[in-house]
Each structure stands twice: as structure tokens, then as C-alpha cells.
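Colleague: I am new to this structure and would like to go through it with you step by step. Could we look at it together and begin with how helices cross?

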Amino acid sequence: MSRDFRKSQSSHKIGEISAELGTTKSISPPPIIIINPTGKILSISLSAKEKLDEAGKDISSSGDSIYSLFSHDSSSNFKNIFQKVLYNFSEEIYQSNWGEEEVNLKLTPVFDQNFLVKKIQISIEESLPISDGGGKRFHKILEQSLDIICTLDDKGVFRDVSSASYRILGYKPQELVGRKYLDFLYPEDMEVSTLNELAIRSGQEKNYLTNRFIHKDGTLVPIIWSAKWDEDENLMFCIGKDASEIREIELRSQEERSMLKAIIDNIPDYIFVIDQDHKTILTNKKFYSDYLGKNSEEETLGLRPVDYFPVEEGLEIMEDNSRIMKSGIPVLNRRDAVYDHKGKKDIILLTKVPFKDENGKVNGLVGIARNITDSYNLEKEQKFVSRLITALGKSESLSSAFSKTLKLISKFLNFESAEAWEIGYDKSILLKSADYKGFSTLKNTDFSKGEGLPGITWKSGKVQVWQDLENDARFIRKEEILEKKLNLGIGIPIIFKEEVIAALTFFGRREKHIELKSKAILKRLAYQISNDVQRKMTENRLNDLFLHSTNLIAVVGMDGYLKKVNPAFTRIFGYAEAYLLTTPFTEFLHPDEKETAISRLKEVAAGLSPKPFQNRCLTHSGEWKWISWTPSLLIEKGIVHVFGMDVTPIKTINLELLKYKNIIESSKDGIGLYSVGTGDVFLNNAFKETLEYEEDELLGEGALEKVYVDKELAYQIYKILISGNYWEGDLQLRNKSGKLLDFYFSGGPIYNRKGELIALFAIHTDISERKRYEVTLKEYGGRIENILESITDGFFSLTPTWEVTYWNKAAENLLGVSREEILGKELWNYFPEAKALLFYSKYEEAMRKNIKVTFEEYFEPLATWFEVNVYPKVDGLSVYFKDITGRKKFDSEIKLARDRFELVARASREAVYDWNISTNLLEWSESYYEVYGFPKISPEKTLQQWELNIHKHDRENVVKKLNASLKSSDEVWNCEYRLIQPDKKIAVVRERGFIIRDENGEAIRMIGSLQDITQLTQNERALEELNHELEKHSRELAVSNAELEQFAYIASHDLQEPLRMVTGFLTQLQRKYDDQLDDKARQYIHFATDGAVRMRQIILDLLDYSRVGKLKYNYEIIDLNLLVNDIIKLHYNLIQDTKTIIEINDLPIIKAALTPLQRVLSNLITNSIKYSKEEVSPVIKISVIEQAKEWEIIVTDNGIGINELFYDKIFVIFQRLHSRDDYSGTGIGLAICKKIVENHGGKIWVVSQEGVGSSFHFTIPKHF
């Protein structure tokens, strides 16, 4: 509420206090009744009680309804007056006949701190009889009224007017008397007022009539009228009340309600409010529209759940709501499944909170539900992905992995059939790897790229959804589809590092997948399992390589035995695998090379770089074979991998090469020879000097990459030469120093006399000088092309007939068409959609008018915004363009964010701002002006105003910190400072701004909020003071506790001395005078002595108890087995006498304080013996459970047991469950045990059953 009720509230408060005082015995208490807004009587003054008794009104006490004072007819009239006071905040008078007496009931509203009606005060006033003197008094009373009291004749002319007319309308009574009221009425209200006048004159009583009068100063004054026509007087008696403040309150209230409704309707959650009868009293748009399918909130008001849900479901909801309202306990974030008006199932987080009035009575329930269907489905999906990955990992082969994957996905998404396709090694064909309820025909077990659903999925690399398989020409296997009545097919590519490695196809019925959610889910599943599929494929192919390789692969142990060999060993050497693995591998090595082979393996095992070596190995037939070995270290210690190749046929090739070496040594060209059999390299001196490499530096893998700049070309040349063909051409080499060298290459194969390929030759002729000339010639033409190719904007040129003559790399990337594809072709043939857009018209305009044209346009096929600059030239057009989609999206997001910020600001009353740093324009949300009271000014001056409003002592520091954040790379700026408001009040604020930067890191925009933390700062200060007080009290308490412990210790010592004297003298008395004492005297002496002994024992126990808390524990390693055995020896006689059996499990070694722990276990064991059952041997079991951070020690017995009501009592000092006659003791033993365990940082408890036995548990933390 925005109206200032402070004055009226003050007067009503006084009335309320007077009424409350009236209930006490005071002098002439006024007759007053106080009621609440529901009509319930809160209090009655004594004089009012007397008035009610005299009138025969039976009101026994507060709590009764005010309506019980009236008859059925008058109760309705009183209710109208009561509602008027309640909702119009006006003071009203109701006339009532109580017996023979007529009384006036004056109703006055009393407001709370929020200016809402809290109570209503009813003053009982007697109607004074009219007499000559009374008439004068009554006239004086009327003149004091704040309302206009007047009479009108049948012509509508004022006859009598009270003096309030001057205050309300600015006219004195004499200025109105004799004039028609219509002369002062606002013209728009004349028609309605005239009709009301006629109705009143016809005998109708009219109340709460409103119209507007024109004040003497020309302003409009709204007035609420009550009027009645008197036939005898031929006059209309009227009372008019100034309704300006009430009208203002109504307008503000409507505005606030509208704002609140707008906020609630924009909240994305379902919101509803019901009363105690389950009737809806409020719903937001999300609830009534999306959930119930209604057009407006009004359609839902007054409805109950059974009105918009099936009866059974509605009753269940109402029962749940009743339970919450009855208990007053809210339901928070409960997950429920619901169905909206379309039958769509959603998962929601539901919160229901009962709302109460000021007296704590529940009046209804507020419900808020958040739709979490998407996150719930994603959670299910992630769990399913975990199952998939687990299944893939446990599968032994790729085929079984795919089979499990297809089965799981098909069942999860309700598909009838599925297939998995693996891309072949040469990447030219798809091979079926597995299926789930697949097609029975043997045809089409493989597909080429772009063929059928699998092939098109492979080629496109995108999800394929075919919804009409029987009529889709692309689908090949129609017989199976028709037989299984399947019409939907979905192809999913498995992509790893931007390359399709496999494809999955799923088949089902279209009617089961109407929304096609399966497409999105399958796409996500394929992405998440791609790594695991790739790993499984790699494992599968490595296994194939191991099994089917023609070369030797082995795992060698440094203990001298082969650990694993591939089938090539058996094939080449002729031994069985078992023989190879059980015979020392040195048995197969030639004596001349044995030492070298073992040395090489040891070097690798020691972590040195592997070096290849060759040796002869013995076959099963007795033949020696030359094997070239390459070792590789495994992660496992003492294990080496070796790869071998049979080189026996080519070992003789080196002799053939010797004759070529002598010939090429004298050549000035760089010449190299490569031995095909051994991999050896020979370079002539000229080539060595050029390359700066020695021959042994160019052996093995990577040699080509060291020397040849274009690695791909080098490998292509190698393949050509090794296949027996020749190659010539220009290429570049890089020497050891990194210098690039240009050569003309000429190379080919070398054969022996038998026609066998034994080597490759390569002749390198220096062409550096020629290359320099060629570069110079190309330099000028290349500069322009380099510029066009290096810019990030797209560029192309067109002829007057739209033929493309140039197309740079950026154009290829932006438009997705290669240069080779479009050069020489007409532009519009490739982009026909663009012809209907601005592109064609603007290009045509630039060419026709010979002018530069700039425009922006959206190209839907590429979903991209372009900024285009077109320049005319002699032979056509030059077109520059760039992608501005990001900028467009950013501008749109900024606008959306600004709208959202405004809404959030209005809801949270936080001031939100948008500062364009580039233009220095600062815009604030409405909340800034509403909360802090600053006047609105133009955005150009807002930044300066903000800086001036900062407290002078904070201003320099705030501006300095802001500038520092803008110049740094910070993304967020936080600051707290004081703000001077227009009314000179100081507000402490917390500002948080998010800095937006351009690609160069420069700050271009900042969006943030301002939060008023004045109250929070005050609270923090108060909290600091409170903490200081608590610390002070804590120190005082520690000192007090120390003094108390010292007192207990000293007192227990001092108390023992008189007890020893009492015991000693009683013993001497009995010994000396025993023959003179009778049995009764001896019994008394026994009681006194026994009591003193027990008292001394209690003091000793109390002393022990106090010591437990003061002793400093020394922790040490304790073997619990030895400790328990020591306790058994200590109580040996007791154990033997009671025939106790003690069972000990294998107990651990722990760290604890030895003596205190021994006391705990000793106490628990002796207690188990003490509280054993008669004629039953005690059985005590001691065991330990190891927890993550503690040891749990358990002592279990078969004794008398303990009722669970006394579980806590037994650990309290001096608390006993049995009499001393039944069981001895002081009741302090378990209290000491509890204190010892807690000093260790553990806890102790008992689990027991009467008649069965007890288990005492206590814990000792491991960190001790």
C-alpha cells in the first residue's frame, strides 16, 4: 500500500488502546467492542458488556461472532457496513434498535504496520432525543463532521450545507445554498448522478454512490455519497465523504496487483493458490494455460482438483493438500509425475506450503511446481549411456560389442530391428558387423559410400530419418521391410575426430515415434560412445594384426623365455607354440650373434632407446634363417616387445649393390641408393655434403620426413619406385641445418640378374638458380592474389553475365563451394535462392548504375547473415562479404537480456543497468529510480549523475577501482560503497558488473546490478558485537569450569577424612562394647558403617570421574588381543567363579590411550558378568569392525538385558536401574566409560533386549 495512513492509524491505535483498557476496572470505561476482520470478537469493555446485558444481548465472552448481536435481516445490513469499513478503510456509523433504545454503532478501522486493517473498533453511542436544546447541540455536532452533510430539495438545490464543504470543495456553505448541485458536478458524471437522484426520490435508499465534483480551484474531487429521501420534509438528506485518498489507494493497489500478476505470469514455474475448501483463488499463466489448457485465470477460479482432473486423481490431490494444511508441514521439492490437459506426461519438482493468518491459522495452500522433464530424461539417458559404455568395455570383440549396443538401444527406444556397419580398411565399403533382429536375406551385407541408408549416413555424416521406407527409392531392401511392416528408418553415424568410423541403422514403426525424439537421443548416444567404439575397433584390428601378420611378433621376458608369440613363429620356424614358450629363447640364436641379441634386449629393458639388430635363428628343420628384429619396451617391468622379419632372401643383395657404389661416387649430383631387402642407405660424397647427414642417420622410419619437405609427395614417390616404376620432377629437400634446397629428382628401381628388385636409386640435380628466376616472375602476380587469399572476408569477382572469375579461400569457407567447382560457372546456378533476395537486385543495381552498394541480408539455406559490399569494375563486379550472424545474434541477445533484466529488477527491486562504454551511455532500470528516489535524466548525463551521487569519501576509490578493472582482463567488477539519496539518506550498496570485451580485449559494455545492503551491513555489525560478547562469556565459562573441577577434586579429598573417622570410631565402638550391645544396636552400627563405606566409594568414584576429564592422554600402539588377555588375567578369579566364557575374534592393533581404554573394556566385561542371568553361565563376545575412519569395538553378552527406554540413562552419572541389594555398585562406571570414549573423539551406545542380552558399542578414531 502506498497511502500514508500514519495520522489515521495513530488515532485508531488510541481507540484500540482505550478499548483494551475498558476491560479493566477504570473510571467510566467507554462502551467499546474490538473485532478482527472476520467478525470474531477479540475484547469487550465492561461498559459495553453492561450495555449488551441491558439490551438482552447474550455475549458470554470474546471469541463469539459480532453477527450474533443482530437479527437475520439487520445482520445483512450490518455486514454491508462492515465490508465498507474493511475494504474502503472508512469510518462508518450503523443505527440499531436494542430493545426500546436506539443506539449508534461507530465502526473505526485499526491498521497494522503494513497499513492493512488489523482490527475494527466498535463504539456504542446512544441516539440523543431531538429537543430545542438538543437540536442546537446536534447542529454543532454536524458542524464538527469531516464529511459534507447537506439537504437537497426536489429541484436538486442545496438547502442546508455543513461547513465541511469548504475543506473538501473550497466553497463556504453560503456559496452553495440556493444553487443546484449539478452546477458543481463534473459533466461526465451528470447522467449517472441524475438517474441515482431519481431512484432515491422514488424511495430507494442508496449508499456508496460515487461521483466527481469540481473544486473551487478547478481540480476534481471524488466523493462517496449516502442519501435518503424524506417525503414528509420533501428533502433529500445526504452525507458526502472525500474519497481522494481512497481512490489513490485503489489505483495504487490495482497497479501493484497488476505488476505482481505480470511477474507471476512470467515465472516459468506452475503456481497455484487454493483455500481451505480446495477452491482455486490464484493461478499463473503457466498453470492455467500450459497445464490446464484454459484461456484465462478466471476460468480456473473457484474450481477444485476434481473439477479439472479425473475424480480419482482429483480426490488423491485433495487428500494430499488436506494433509499438508492440517499438519502445517510443507512439502519441498517432491518429485511427481503429472499429465497435462493434452495427456502429456511431465516430471515436476513440487513444493506445497500452507499459508497462515496472523494468528497462525492455516487459510489455504500455495503450490509451486517446476517442470524437470528434460533434466529427468537426460538423467535417464546418462544412466543408459553408462550401461552402454560398460557393455562395450566388457565385450570381447567388436561384433559382440555392437550386438549388445544394438539390443540395449533398441529396447530403450522401442525399435524393432537394428544393424551395425563398420567401415572397411580401405574406406571404400561398409561391412555389416552385427544386428539385432536383423534382416534374414544374405543380400546387401555390405554397402558402398552413398548407397542405401547405411551408405548415405556414412557419406553425409549426419543423422538420416526416412519415414516412408516402402516408397522411398533410396531404400534398397524393401522385401524385408514389407514383411516386418516397418516404415521408419534412422541412420546414425559414429564420428571420431570428425571422421565417420561406423554407422548404426534402426528400424521401427512410424506411429510409435511420432515426435521423433529418438533422433536427438540417438545422435547424443552416438557421440558419447564414439570413443569406446573407436577403442574397441582399434583393439579388434590390433588383434587381427597379431593373428594374421606375416611378420614375427613376440613378447620376450628378460628371464630368458618367450611369453607370447603370434602364429607367424610357427609358420616360419616350424615349432609348436608350446615348445617355443617353454624353451629358453637363447637355444634358437646363432652363437655368433647371441651376445649382440641379448645385449640389445637388455638395453631396451634398461630404458635405453631401442636399436634394430639382425641375427640367425634355428628352425625346426635345422636351417638357419636371418631375422631382422626391432625391439620396443612395454610398460611392464622386464618385458620387451620384438617385431621380426625374415630377411634371408635379401641378405645377399648387398654384394649386388657394391658395383653401383663405385660408379656413383665420382658424380657431382646427389645420388642415393636404398636397399629394399635390408633397408640400408648409401649416399655419395656430394649428397652427404649437401644434406649434412651420414648414412646411419637416415635408417628406419622417419628418414624420408627428415630430408623431404613434402612428406606426402615423398611417400608417393617411394610407392611408385617400389612398384617398379620411374618418377621425375621438382621437389624440395631440407638439410640437417634446416636449409631448404631445390632439386630435380630422377629415380627408379634396380634389379639383379634374376629380375628381382634389390634397390632403388635417386639422382638429385641442383636447380636453385632456376627456381629463383621462377619466383621473381611469379612474385608480382602473386602479391595481389596473396592479399585476396589472406583476408578473412569472402571475395569473388563476376562478369556482366554473372560468370565467376575469382573465388578466394574465405568464400569457399563461408559459402561451402570450392573454387574448382564454381570458377567459370554462373553464380545463380549455385545459389538460386539468393536470386529472390537482395543479393540479385543489389548486384544488378551496382552494375547498372556503376555505383558501390552496401547491404545486409539473411541467407536461409546457410542460416547466416551477411554484410555485402559490391564494387563495379570495367569487366563486371568485385564483391566483398563477411559473416555477421554472431553480431546479429549478439544484438538480439542484448535486447532480450535487457528485457529480462528489467523484469528481474522489478521483481527483486534491484537496480539493473546497461553501460555502453563505447558511447558512454548509461541506462538504469525503473527500480533504480523507485528504490533510491533519483529523478530520471537523459542517458548522456546518467553516468555523471551516478558518480556525483557516490559519497564523497568513497567516490575517488570507486572510480579508481572501476577504471582498473576496465583496463585489466577482468570479466567481473565488484564494489561496495555509499550512495547519497535525494532525501540525503545514505544507502550502502553492493555493485556487481559483468564486463563485455571485444576480440582485442577492450571493454565495450558492462551490464550489472545495484543491491541495497544497508540493513545487511547493520546486521553484520550487530552480529560482530554479539560474537564478541559470546567470546567473552566463553572465556568466563572456561575459567568457571576449571575452578569447579578444582573444587570438586579438593572437596572429594576433604570429605574422605570425616568418613574415615566415622568408620573408625564405629568399628572401635563395636569391638570394645560388643558384649554390651544387643542385636538391634549391632544392626544400627552395621548400617552406619556400611553407609559410610558406600559414601566413601561414591566420593572415590566422583574423584575418578573428575580425573578422567583432566588427564592428558598419551596415545600408543595397542594390540587389543594382548590387552583383553591382560584384563582376563586381572579378573581371573571372578571369571572362574562365575564360569564365564569369553570369546575373542582376531582383534586389530590400534592407537589409543592404554590405561583409559583398559578401564573401559574392564568395566564392560565385569558389568556383563555382574548383570548375568541366574543359573546361566555368562558368555561374552569381543569383536571389532573396521570403518573408514574409525574402529568400532563391540562387547556382547547373554545377560539380563536393558529396556530401550533406559539406553541413555545408564550413561548418566549415579543412575542405576536396580537396587543395591540386587546388584552392587554406585552407578558411575558407564559414565566414566562414556567420558573416556568421548575424550578419544569417539562415541558409545548400547543395543539390548530384555532377557536376551546386551551389545555395548564404542568407537576409536583411526587418526589417533
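Modeller: A crossing is called left-handed if the near helix is turned anticlockwise from the far one by less than a right angle, and right-handed if it is turned clockwise. Please keep in mind that this is a predicted model.

Colleague: In which sense, left-handed or right-handed, does H37 pass H38?

Modeller: The axes of H37, which covers residues 1154-1170, and H38, which covers residues 1229-1239, come within 9 Å and cross at roughly 145 degrees. On the H37 side the contact includes Pro1156 and Val1160, which belong to a set of residues that meets, among others, Leu1230 and Ile1236 in H38. The residues of this contact divide into 8 nonpolar, 3 polar and 1 charged. As for its sense, the crossing of H37 with H38 is left-handed.

Colleague: Which element supplies the largest share of the largest nonpolar core?

Modeller: That core has 38 residues, and those touching the most other members are Leu1120, Leu1157, Leu1161, Phe1256 and Phe1258. Several elements each supply at least two residues of it, including helix H35, H38 and strand E48. The largest share, 6 residues, comes from H37.

Colleague: Which strands are the edge strands of the open sheet?

Modeller: The sheet has 5 strands in the order E7-E6-E10-E9-E8, with antiparallel pairing, and its twist averages 30 degrees from one strand to the next. E8 pairs with strand E9, residues 220-230, over 7 bridges, and Leu209 has Trp225 in E9 as its bridge partner. Helix H7, residues 190-201, lies across E8, E9 and E10, running at about 145 degrees to E8. The strands that pair on one side only, at the edges, are E7 and E8.

Definitions and conventions: Residues are numbered from 1 along each chain as its sequence is written. This is a predicted model: local features need pLDDT of at least 70, side-chain atom pairs count only at pLDDT 80 or more; totals for chains, interfaces and linings use all residues. Side-chain values use heavy atoms; hydrogens and water are left out. Axes are lines fitted to C-alpha atoms, for helices over the stretch in contact, and angles run from 0 to 180 degrees between N-to-C directions. Helices (H or I, at least four residues) and strands (E, at least two) are DSSP runs, numbered from the N terminus. Contact means heavy atoms within 4.5 Å. Ala, Val, Leu, Ile, Met, Phe, Trp, Tyr, Cys and Pro count as nonpolar, Asp, Glu, Lys and Arg as charged, and the others, Gly among them, as polar. Two strands pair if DSSP finds at least two bridges between them. A nonpolar core is a set of buried Ala, Val, Leu, Ile, Met, Phe, Trp, Tyr and Cys residues joined through side-chain atoms within 4.5 Å. Buried means under 20% relative accessible area, exposed over 50%, partly exposed in between (1.4 Å probe, protein chains only).
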